Structures are given as C-alpha cells and as structure tokens.
Amino acid sequence: MSNPSPSKLDRTDLMILRELQIDGRMSNLALSRRVNLSATPCLNRVKRLERDGYITGYGAFVDPAKVGVALLVFVEIILDRTTEDVFDEFKRAIDTIPEIIECHMLSGGFDYLVKARVRDMAAYRDFLGASLVSLPSVRESHTYVVMEEVKSTTAIPIHIT
C-alpha cells in the first residue's frame, strides 16, 4: 500500500499527530478523549499512521545540561570538492560521530550545516580537531556558538482547518 498524501489525512488524523507530538506517552484513552473519538477507532488510526510512516517513532526529550552536553554549536562546512562520491563519503563519516545531532546539505555559500552538542568549549576544540576538520574532503569550517536557545522543538507544525 502506498503512503497516502497529506491531503488524505482528515481532521482527526491531524489532531492525533499534533497531540502525540505534545505527549507521545499519552495513553490511548487520553488521546481518544482529546480528539473526540472512542478508544478502538483512535488506536486503529494511530496504528495506521505508524504503518503509513506518518509517525516514525517515539522518544524522550533529555536535558542536555544534565547529561553533560550543554554547549550547542552550529558549524558551516565547506568541502574541497562537490561530487557524489565525496558527498556519500562525508555523509557516512558524519553518521559515525555521536556529538553531531543534525547535519543538513544546503545551497548557498557552504555545503553542510552541522548542529552538535558537546560538554564545553575545550571539548568543542577537541571535537573540531579530532572529528570535524578531519572528515573526508573538508576544506573549511566556520563555527557559531549558541549563547541562548530561544526556541527548540521537534514538533512539526500541523495546521488543522
């Protein structure tokens, strides 16, 4: 079965997705009450949303400072060559570095934007030298240290009409 397009989701499906982004541990009974549906049809919809790939997983939000990775940095990466084999090699290497929590290929003045978390500035210097600049084909990097996280969310905006 192919994945339905977003237009095939009805108002209740969208409400379920929005509610589960707020609290993925919510019981089915609580969820069914919030979306005004009885428990069994609600559970069936959640299972369908999971099966069709709208819900890709569940997780816990962890306080970075409490687990020793309070420093958040963004790093622009410029590669020395931009060929498919270099991109593939870079992506494979990025995937092995646990401090990197996001990496995006962008258009513009640099090739990749990396989001990473480390303990402190000393740990970042070690991370930069041992991991980032030694990645395949990295020519240049520019770092931006986050002074304050004004907004941080994993919730995707879901508009219900």
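C103 is partly exposed, with a relative accessibility of 28%. C42, at 0% relative accessibility, is buried. Here buried means under 20% relative accessible area, exposed means over 50%, and partly exposed lies in between (1.4 Å probe, protein chains only). A disulfide is a covalent bond between the sulfur atoms of two cysteines. With a disulfide taken as a pair of cysteine sulfur atoms within 2.5 Å, the count is 0.

The model is predicted: local features need pLDDT of at least 70, side-chain atom pairs count only at pLDDT 80 or more, and totals for chains, interfaces and linings use all residues. Residues are numbered from 1 along each chain as its sequence is written, and side-chain values use heavy atoms, with hydrogens and water left out.

**The sheet**

An open sheet is formed by 4 strands in the order β2-β3-β1-β4, with antiparallel pairing. The edges belong to β2 and β4; each has a single partner strand, so one side of each lacks a neighbour in the sheet. On average, neighbouring strands are turned by 20° against each other, direction ignored. Helix α5 packs on this sheet and touches β1 (71–79), β2, β3 and β4. The direction of α5 makes about 25° with that of β1. Axes are lines fitted to C-alpha atoms, for helices over the stretch in contact; angles run from 0 to 180 degrees between N-to-C directions. Contact means heavy atoms within 4.5 Å.

Strands (E, at least two residues) and helices (H or I, at least four) are DSSP runs, numbered from the N terminus. Two strands pair if DSSP finds at least two bridges between them. Strand β2 (residues 100–105) pairs with β3 (residues 112–118) over 5 bridges, in the antiparallel sense. I100 stands opposite A116 in β3. M105 has Y112 of β3 as its bridge partner. The hairpin of β2 and β3 has 6 residues between the strands, and there G108 takes a positive phi near 125°.

Most residues other than glycine have a negative phi.

**Helix α1 and its cover**

Helix α1 (residues 11–22) has 12 residues. From first C-alpha to last, α1 reaches 17 Å, close to the 16 Å expected at 1.5 Å a residue. The expected span is 1.5 Å times one less than the number of residues. At the start of α1, a side-chain oxygen of D10 comes within 3.1 Å of the backbone nitrogen of T12.

Which residues of α1 are buried? They are T12, D13, L14, M15, I16, L17, E19 and L20. Their cover includes α2 (28–34) and α3 (39–51).

A39 belongs to helix α3. A39 is partly exposed, at 30% relative accessible area. A39 and L29 are 10 residues apart in sequence, yet their C-alpha atoms are 5.6 Å apart in space. Leaving aside neighbours within four places in sequence, A39 is in contact with N28 and S32.

Conventions. A polar contact is a pair of N or O atoms within 3.5 Å; within protein, one must be able to donate a hydrogen and the other to accept it, and residues adjacent in sequence count only if both atoms are side-chain atoms.
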